[in-house]
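These are my notebook entries on a structure that is new to me. I put down what I looked up, one topic after another.

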Protein chains: 2
Amino acid sequence: MINLSQRMVALGTAKSEIREAFAFAQARAAAVGPEQVDDFSIGNPSVPAPDTVKELVHQLMDTVDPVKLHGYTPAQGEASVRQALADDLNRRYGTGYTADHFYLTAGAAGALCCALSALGCPGDQFLTFAPYFPEYKVFVESAGAQLVAVPARLEDFQIDFAALEAALSPQVKGVIINSPNNPTGVVYSQETIRRLAQMLGEKSRAYGHPIWLISDEPYREIVYQTAPLPWVPDFYDNTLVCYSYSKSLSLPGQRIGYVLVPPQAEEADLVYAAICGAGRALGYVCAPSLFQLVVARCAGQTADMAVYRRNRDLFLDALRSMGYTCAQPEGAFYLFPRSLEPDAAAFCERARKYDLILVSGDSFGCPGHVRISYCVPTEQIQRALPKFRALAREYGVGG
Amino acid sequence: MINLSQRMVALGTAKSEIREAFAFAQARAAAVGPEQVDDFSIGNPSVPAPDTVKELVHQLMDTVDPVKLHGYTPAQGEASVRQALADDLNRRYGTGYTADHFYLTAGAAGALCCALSALGCPGDQFLTFAPYFPEYKVFVESAGAQLVAVPARLEDFQIDFAALEAALSPQVKGVIINSPNNPTGVVYSQETIRRLAQMLGEKSRAYGHPIWLISDEPYREIVYQTAPLPWVPDFYDNTLVCYSYSKSLSLPGQRIGYVLVPPQAEEADLVYAAICGAGRALGYVCAPSLFQLVVARCAGQTADMAVYRRNRDLFLDALRSMGYTCAQPEGAFYLFPRSLEPDAAAFCERARKYDLILVSGDSFGCPGHVRISYCVPTEQIQRALPKFRALAREYGVGG
């Protein structure tokens, strides 16, 4: 008789709707030709990393001693790299961070796992807002805690503060936000962040312990609105910022990101130490050393993301004109319109008749919606629009 | 009041003797000049990655579409990469592995964490043999299990089978071996592996469940003996091989390795699924994509490690001729001689008077010994030998 970790077996065999949709799209493309299949299932950046990345990699390989270049860095990352990231944020946000506030990680997933494991104690709850990235549940449970999803305010996907207040309790160790958001593309307004900070501050005082705000920001640099994105630690001291270069530099496979513990946070040094401990317990050792140097020298740069804005404008206007209802996405590269029938999975199934591959909101804890990833060539969207129109007409929607 | 994970705080603030020794060496080098300080504390490869690595990185950056090159791979790693690793092992060991038996990880630490978390259930014990790599305890406890160290056979650091038999019980889920070994440099003989396999097989049958053999092999390619290193899965079906390119290709900072689940293992598919689940739970997402391609194209190559052999021969002969007692190291880049007084920490302290930086065996669960890392320039060893001689004379040892 074999006795494995039942949790790991379940996680390893669980069907992911996103992966299944992607696999279906690949199979259809092989069967009917890729130009017939319009796959909007995957959130992979479709623009290349900036040329600087290539130049830097060539230059680092040619000029840095390989023993140093490929060697272990300190667990928290090379000090000069962390200082470069601090300098960049200080320049942009007028903050006073130093190298000592950054812990480099293998992407945002690594950052979230370290932050959650550092904070999580048995019996703790972490809240997030539906719809949410499904791996949050996995990472929170790995930290020995429980994820509770606060229902969405469906008209604009800002925070429903009555629902949040109802969910807050002394058990709540932290709240995870993700703005710009996957899967809605919505950006939290300054007013939302201010009210959130106020409520968490009041409840922290009432409960006699901090409620941590974990700000998952892989889409921070992909913003369409003219209003600046609020810098969350300016509004709430006990914020941990989790960042990734996967989207901003189009480097998702290289696994590089960080946790920032702002010095204003309560017992920031102890929290930072616990994050170091979590990195050790999770077997991370250090973030990949070559790309530590690359991102330090790319600080403040991004890939050319103009196509994402073009895609959003084209796609959003067209879908709305066809009668689809969709909250205003001001960042990331997702649309999250309402499904044209209550069962979003059935709607996605019907879309597949047109070789139109979508993902239901159910995967994100928000039924009745579908996620559309528009990090694709613009021509794919142009080609797919008549399919969306025909699909709407099946439901008697649109002209 | 702040309430963090006490385990993570403890892991993040724990003093590591190795790190402390390394920091001391750095401080002394700054004070008295680096040529006065002989630091043997750190197990960082001192030879560069082979030139092929540089050529491949340049070539991949110039020829592969950056969206693909820097994109996510499947969680288990790019299929073509896994096939290349299988082909290489099949060529060397006459095995019949395929891509489906490999799960690429962020180095051996990631491989161990995935394997242990896949297997570990509450109440489980994992055994290892002292002296052992101290992070084993951290990784086993992260998997919710307990590490038990079986005492060493001090004369040659092969397995003490009476001690192993005494430690085996139905609670034991697995046994971790590390040959060539850190910190002793000892290689398990074929006879040791054969007897180990026989005992684990008998006990598995007696207990009615498999006892897994986790073979941690980052030093597999660094071997001095003429006898070939036994390929562990040939001797025991329920073996999980954890490998890293950190030492063989001198790429420790790039975090790339794998777990191999041989198809002969009991319910191999389920074990593999649990490893995939563990990778997900630990937030690994995928192994760094650029270096996946690099190691696939370097399969079977190593850095030029001739200096390690030269260092071993020089160092071992000299220390023995001075009266030090040291088991025969046939791999890796460590010597593990007996301390010249029972308290190895006191011995290391005395060595520091000569600016000779060693690490006590206590850190590895084996008091009365010291670890010497000889992955250093040969000149450093030549320079340090008179210090070792003077130190021995303080204890009345040697001529």
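**Entry 1: the interface of the two chains**

Before reading off an interface, I note that buried area is the accessible area, taken with a 1.4 Å probe, that two parts lose on being put together, summed over both. I also note that I am working with a predicted model, and I read each value below as computed from that model.

With that in hand, I looked up the pair of chains and found that chain A and chain B bury about 5800 Å² between them, with carbon and sulfur atoms giving 61% of it. On the side of chain A, the residues that lose the most area to chain B are A:H70, A:Y72 and A:R280, which together make up 13% of what that side buries. In terms of contacts, I find 77 residues of chain A touching 77 residues of chain B.

I then asked myself how many salt bridges there are between chain A and chain B. The count is two, and one that I looked up joins the side chains of B:R280 and A:E135, at 2.8 Å from N to O. Across the interface of chain A and chain B I also find 29 residue pairs in polar contact, both residues of each pair being at pLDDT 80 or more.

Next I wanted to know which elements of chain A give two or more residues to the side that touches chain B. They are α1, α3 (51-63), α4 (66-69), α6 (107-119), α7 (135-142), α10 (268-281) and α11 (289-297) of chain A. Of these, α10(A) gives the most, with nine residues. Sorted by class, the residues on this side of chain A divide into 44 nonpolar, 22 polar and 11 charged.

**Entry 2: how the copies are related**

I laid chain A on chain B, which takes a turn of 180 degrees and a shift of 0.0 Å along the axis, and the RMSD comes to 0.0 Å. The two copies are therefore related as by a two-fold rotation axis. The same surface serves both copies, since 100% of the contact residues of chain A recur in chain B.

**Entry 3: the domains of chain A**

I turned to the domain assignment of chain A, which gives domain 1 as 6-49 + 304-394 and domain 2 as 72-297. The centres of domain 1 of chain A and domain 2 of chain A, taken over C-alpha atoms, are 27 Å apart, and the contact takes 29 residues from domain 1 of chain A and 33 residues from domain 2 of chain A.

Between domain 1 of chain A and domain 2 of chain A I read a buried area of about 2400 Å², of which 63% comes from carbon and sulfur atoms.

On the side of domain 1 of chain A that touches domain 2 of chain A, the elements giving two or more residues are α1 (6-13), α12 (306-321) and β9 (334-335) of chain A. The largest share, three residues, comes from α12(A). By class, I count 17 nonpolar, seven polar and five charged residues on that side of domain 1 of chain A.

**Entry 4: a salt bridge within chain A**

Over all chains the salt bridges come to 39, and I picked out one of them, in which the side chains of A:E20 and A:R352 meet at 3.1 Å, N to O. A:E20 lies in helix α2 (residues 17-32) of chain A and A:R352 in helix α13 (residues 344-352) of chain A, so this pair ties together parts that are 332 residues apart in sequence.

**Entry 5: backbone details**

As background, most residues other than glycine have a negative phi, and most peptide bonds are trans. Against this I noted that the peptide bond from A:S179 to A:P180 is cis, with omega near -5 degrees, and that A:P180 sits in the loop between β5 (172-177) and α9 (190-207) of chain A.

In chain B, the peptide bond from B:A130 to B:P131 is cis, with omega near -5 degrees, and B:P131 is placed in the loop between β3 (125-129) and α7 (135-142) of chain B. Finally, A:R255 has a positive phi of about 55 degrees although it is not a glycine, and I located A:R255 in the loop between β7 (239-244) and β8 (257-260) of chain A.

Notes:
Residues are numbered from 1 along each chain as its sequence is written. Chains are lettered from A and ligands numbered from 1 in the order in which they are written. This is a predicted model: local features need pLDDT of at least 70, side-chain atom pairs count only at pLDDT 80 or more; totals for chains, interfaces and linings use all residues. Side-chain values use heavy atoms; hydrogens and water are left out. Copies are superposed by least squares on the C-alpha atoms of residues with pLDDT of at least 70 in both. Contact means heavy atoms within 4.5 Å. Domain bounds come from an automatic or database domain assignment. Helices (H or I, at least four residues) and strands (E, at least two) are DSSP runs, numbered from the N terminus. Ala, Val, Leu, Ile, Met, Phe, Trp, Tyr, Cys and Pro count as nonpolar, Asp, Glu, Lys and Arg as charged, and the others, Gly among them, as polar. A salt bridge is a side-chain nitrogen of Lys or Arg within 4 Å of a carboxyl oxygen of Asp or Glu. A polar contact is a pair of N or O atoms within 3.5 Å; within protein, one must be able to donate a hydrogen and the other to accept it, and residues adjacent in sequence count only if both atoms are side-chain atoms.
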